[in-house]
Amino acid sequence: MGTFNELRVVAVCPYCNKESDSVIECKFGFTNQIELRIGDKVPWVQRKMPQNGGRPEDGNLDGDGYTDCSLCGRDYFVLVKVRNDKIVGFEVDKTRKGYVPASNVNED
């Protein structure tokens, strides 16, 4: 299991459409369980290529993120938007499915 940073956000679940506090696992930059928020600067790994945690060109990246909904239990991937080294937002990655089968989620 690899390490990741935690981006703390309020997210609207793409499945139940409800808003809740969420933690997005981010596996780009220097990953060491660092707690991040929108507006924070991404910690990059010095002298490494972007695929190894280094700074991408101009500090811009749409990085992989993963989270789940605390209300319905469904998981999903997001793209974390980094511009000029700062986290500016995120969006649901509609091209990827989560790991948890729909039959294993909360049915409230």
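**Stop one: the cysteines.** Select Cys72: in this predicted model its relative accessible area is 11%, so the residue is buried. Now show the sulfur atoms. Which cysteine holds the sulfur closest to that of Cys72? It's Cys13, at 3.7 Å, and that is too far for a bond. A disulfide here would need the two sulfurs within 2.5 Å.

Cys69 is in none either: its nearest cysteine sulfur belongs to Cys16 and sits 3.8 Å away. Cys69 is buried too, at 4% relative accessibility.

**Stop two: the sheet.** Switch to a cartoon view and look for the strands. They make an open sheet of six, in the order β3-β1-β2-β4-β5-β6, and the pairing is mixed. What stands at the edges? Those places go to β3 and β6, and each has a single partner strand, so one side of each is left without a neighbour in the sheet.

β1 and β3 run parallel and are joined by two bridges. Pick Glu6 and you'll find Glu35 of β3 standing opposite.

β5 and β6 run antiparallel, with six bridges between them. Select Leu79, and opposite it in β6 is Glu91. Follow the chain around and you reach a hairpin: two residues lie between β5 and β6, and Asn84 in that turn has a positive phi of about 50°.

**Stop three: a serine in β2.** Select Ser22, which is found in strand β2, residues 19-26. Is Ser22 buried or exposed? With a relative accessibility of 6%, Ser22 counts as buried. Ask your viewer for its contacts, skipping neighbours within four places in sequence, and you get Leu7, Arg8, Val9, Ala11, Thr67 and Asp68. For a distance check, draw a line between the C-alpha atoms of Ser22 and Phe4: they are 15 Å apart in space, and the two residues are 18 apart in sequence.

**Stop four: the salt bridges.** Colour the charged side chains. How many salt bridges are there? The count is eight, and here are some to visit.

Begin with Arg8, one of the Ser22 contacts. Arg8 makes a salt bridge with Glu35, and their closest N and O atoms are 3.2 Å apart. Arg8 is in strand β1 (residues 5-12) and Glu35 in strand β3 (residues 35-36), so the pair ties together parts that are 27 residues apart in sequence. Both ends are partly exposed: Arg8 has a relative accessible area of 29%, and Glu35 comes in at 43%.

Next, select Arg55 and Asp85. They form a salt bridge with the closest N and O atoms 2.8 Å apart. Where do the two sit? Arg55 is in the loop between β3 and β4 (61-68), while Asp85 is in the loop between β5 (75-83) and β6 (86-92), so this pair links parts that are 30 residues apart in sequence. Arg55 counts as partly exposed at 43%, whereas Asp85 is buried, with a relative accessible area of 11%.

Then try Asp62 and Arg83, whose side chains meet in a salt bridge of 2.8 Å, N to O. Asp62 belongs to strand β4 and Arg83 to strand β5, so the parts tied together here are 21 residues apart in sequence. Asp62 counts as partly exposed at 37%, and so does Arg83 at 33%.

To finish this stop, select Glu6, Arg8, Glu35 and Arg37 together: salt bridges that share partners join them into one network.

**Last stop: an aspartate without a partner.** Select Asp93, in the segment after β6. Asp93 is buried but has no salt bridge. Which side chain of opposite charge is nearest to Asp93? That's Arg96, 4.6 Å away. Beyond neighbours within four places in sequence, the contacts of Asp93 are Phe77, Val78 and Leu79.

Methods
Residues are numbered from 1 along each chain as its sequence is written. This is a predicted model: local features need pLDDT of at least 70, side-chain atom pairs count only at pLDDT 80 or more; totals for chains, interfaces and linings use all residues. Side-chain values use heavy atoms; hydrogens and water are left out. A salt bridge is a side-chain nitrogen of Lys or Arg within 4 Å of a carboxyl oxygen of Asp or Glu. Helices (H or I, at least four residues) and strands (E, at least two) are DSSP runs, numbered from the N terminus. Buried means under 20% relative accessible area, exposed over 50%, partly exposed in between (1.4 Å probe, protein chains only). Two strands pair if DSSP finds at least two bridges between them. Contact means heavy atoms within 4.5 Å. Lys and Arg count as positive and Asp and Glu as negative; His and the chain ends are not counted.
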